[in-house]
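Please open the model in your viewer and keep the sequence panel beside it. The tour goes from one selection to the next, and each stop says what is there.

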Amino acid sequence: SYAQGMNLIRAKSEDMGWGITLGECARIWKGGCIIRAVFLDRIKQAYDRDANLQSLLVDPEFAKELADKNAAWRRVVALCAT
């Protein structure tokens with residue numbers, strides 16, 4: 001949901017010429033969200049590494065984590081389907 005939301009913010013910012021910096025959005029949101037503060041730090045770091053990142057899903061660190069968890073997700077889906 002964060003990846004989708006960031007993509008929506010980026011698209012509207014580009015359409016409207018707002019110049020929103022996605023890493024800065026994550027930093028600001030962190031201030032109001034104690035529970036997800038560490039995750040928002042990771043999002044900010046991803047955009048700090050590449051301000052033109054097309055999606056959080058293709059950031060090298062997020063992509064690696066997704067790939068590492070793929071087998072476990074497949075097991076959960078298989079269990080739910082049976």
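Two residues are in contact when heavy atoms of theirs lie within 4.5 Å. The model is predicted, and for that reason local features need pLDDT of at least 70 and side-chain atom pairs count only at pLDDT 80 or more, while totals for chains, interfaces and linings use all residues. Residues are numbered from 1 along each chain as its sequence is written, and side-chain values use heavy atoms, with hydrogens and water left out.

Begin by selecting Met-6, which touches Leu-22, Ala-26, Trp-29, Ile-43, Tyr-47 and Leu-56 when residues up to four places away in sequence are not counted.

A nonpolar core is a set of buried Ala, Val, Leu, Ile, Met, Phe, Trp, Tyr and Cys residues joined through side-chain atoms within 4.5 Å; buried means under 20% relative accessible area, exposed means over 50%, and partly exposed lies in between (1.4 Å probe, protein chains only). Helices here are DSSP runs of H or I with at least four residues, numbered from the N terminus. In soluble globular proteins, nonpolar side chains tend to be buried together.

Now turn to the charged side chains. A salt bridge is a side-chain nitrogen of Lys or Arg within 4 Å of a carboxyl oxygen of Asp or Glu, and how many does a search of the whole structure find? The search finds 6 salt bridges.

Select Arg-42 and Glu-65, whose side chains meet in a salt bridge at 2.5 Å, N to O. Because Arg-42 lies in helix H3 (residues 37–49) and Glu-65 in helix H4 (residues 60–81), the pair ties together parts that are 23 residues apart in sequence. Arg-42 is partly exposed, with a relative accessible area of 23%, and Glu-65 is also partly exposed, at 33%.

Finally, select Arg-49, Asp-59 and Glu-61, which are linked in a network of salt bridges. Arg-49 pairs with Asp-59, their closest N and O atoms being 2.8 Å apart; Arg-49 lies in helix H3 and Asp-59 in the loop between H3 and H4, so this pair ties together parts 10 residues apart in sequence. Asp-59 counts as buried at 1% relative accessibility, whereas Arg-49 is partly exposed at 42%.

Terms used
Helix = DSSP H or I, 4+ residues; strand = E, 2+ residues; numbered from the N terminus.
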